[in-house]
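The structure is shown first.

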Number of protein chains: 2
Amino acid sequence: MDRRIRRTRKMLCDALIRLVMEKPYETITIQEITDEADLNRATFYLHFGSREELLATSLTTYYDDLTQRISAITEDVPIWASTQAIQMVFEHVQDNAALYRVLIGNPGLGMVINQIIDYTAVYTQHGVEQLCDSSKMTVPLPIVMYHFAGSLYATLSWWIQNDMPYTPEEMAVMGKELCLNGTIDLFENSLAENVSLAVSKVN
Amino acid sequence: MDRRIRRTRKMLCDALIRLVMEKPYETITIQEITDEADLNRATFYLHFGSREELLATSLTTYYDDLTQRISAITEDVPIWASTQAIQMVFEHVQDNAALYRVLIGNPGLGMVINQIIDYTAVYTQHGVEQLCDSSKMTVPLPIVMYHFAGSLYATLSWWIQNDMPYTPEEMAVMGKELCLNGTIDLFENSLAENVSLAVSKVN
DNA sequence: AAATTATTCAACAAGTTGTTGATTAAATAT
DNA sequence: ATATTTAATCAACAACTTGTTGAATAATTT
């Protein structure tokens, strides 16, 4: 691949990341991106069709770096059973906090998604706060709430984008099972012996 | 409040919802919204400052309707312990499937969030598929994956937007606890007696 | 019936978008 | 080292979007 292409694309990616940390994504124009990258505006269209395409490309770098590092340490253990792997995700986000804070907190349709999650979490928290003594909990209440809200959002969006292959009732039963009892029960009979062993002894 | 104001705002809300189901949100202009609502473009600016503001207003109606209905049935049980309540959420989304499919699947920054969740879910699924016999699982694998991915995303975003009040290690330990063992353990000592009773007998 | 106020309309400047064809510069291949 | 290929630049284009204006009109409230 022509050295100039690599160079140009990288400059555009870097420029967008820099801009995204400075001002709302929605207000960033192609002109600004190419100005920041010190390239001609027409050059942008030689490589990308839209801001979104550039953003997706820019972010792939980050994700790939993370998943490669996780792959290196998780061998035969599901990621959610490995504190090590989960920890690496949190460290990755911490390392790129400025970027992720913006990506997650920006307006637009992303806002809607986070609104749904926040709405669920806050609504849920409100009800539970009056009922339980949060000082006795081993996991802080907001984390439990967002755990639930995120699970609900993600299973919901999977469900609707896959043409609702189960009834709401079935989804509700499974959702409750996952949230209340966790995943460990699910594997008692389905995981290979060596794996459930690994899950139980990994920490 | 002047009847005209109510009428105009409702027409704008409805128009946006209609348009959002027809074409990508990013491509919808103020002009189109007011055309669809059969109002003058200047009228839009009398009521809303941006498309986002209108969208947020439009959606509040939907959420409020849902939470009101849930509040009516859940009295002293946390929502994630009530299959009834979870079921209502899924039914609500089913009833408005066309809208939610668009809201969740649209490009923009929302895409990024869903990409993160998908990326996590697909990555996780790939690793587990080789290890377990999914036919023996009581909850289908993709649902488990999205449950985990959503939990991770939401706790992560709560964490970063609240200035990372715990270390990555602490977050990882709590995340694993929630995913593997669920929330039921957490309440054994912290919930009022009547509530844990309700949780255990509600279904 | 009078006073208030929401909506309409046309017009505005400023800015964005995506594309064009010709020119210049850099990288690759021979 | 030179020739060939191809990427980047530049200026200019029409079409469109934005947010705002002030005056005219219509609906609502008091």
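## Surface near DNA strand C

In this predicted model, the surface near DNA strand C draws at least two residues from each of α1, α2 (30–37) and α3 of chain A, and likewise from each of α1 and α3 of chain B. DNA strand C is surrounded by 18 residues, and the closest are A:Thr29, B:Arg4, B:Thr8, B:Asn40 and B:Thr43.

Sorted by class, the surface near DNA strand C consists of 7 nonpolar, 6 polar and 5 charged residues.

## Surface near DNA strand D

Around DNA strand D there are 18 residues, of which A:Arg4, A:Thr8, A:Asn40, A:Thr43 and B:Thr29 come nearest. Two or more residues of this surface come from each of α1 (3–20) and α3 (41–47) in chain A, and from each of α1 (3–20), α2 (30–37) and α3 (41–47) in chain B.

The class count for the surface near DNA strand D is 7 nonpolar, 6 polar and 5 charged residues.

## Packing of α8 and α9 in chain A

Two numbers describe a pair of packed helices: the angle between their axes and the distance between the axes. For helix α8 (residues 141–161) of chain A and helix α9 (residues 168–181) of chain A, the angle is about 145° and the axes are 11 Å apart. The crossing of α8(A) past α9(A) is right-handed.

On the α8(A) side, the contact is made by A:Phe148, A:Ser151, A:Leu152, A:Thr155 and A:Trp159. On the α9(A) side, A:Met171, A:Gly175, A:Leu178 and A:Cys179 take part. The contact of α8(A) with α9(A) contains 6 nonpolar and 3 polar residues, and no charged ones.

How values were computed:
Residues are numbered from 1 along each chain as its sequence is written. Chains are lettered from A and ligands numbered from 1 in the order in which they are written. This is a predicted model: local features need pLDDT of at least 70, side-chain atom pairs count only at pLDDT 80 or more; totals for chains, interfaces and linings use all residues. A residue is near a molecule or strand if its C-beta atom, placed from the backbone, lies within 6 Å of it. Helices (H or I, at least four residues) and strands (E, at least two) are DSSP runs, numbered from the N terminus. Ala, Val, Leu, Ile, Met, Phe, Trp, Tyr, Cys and Pro count as nonpolar, Asp, Glu, Lys and Arg as charged, and the others, Gly among them, as polar. Axes are lines fitted to C-alpha atoms, for helices over the stretch in contact, and angles run from 0 to 180 degrees between N-to-C directions. A crossing is left-handed if the near helix is turned anticlockwise from the far one by less than a right angle, and right-handed if clockwise. Two residues are in contact if their C-beta atoms, placed from the backbone, lie within 7 Å.
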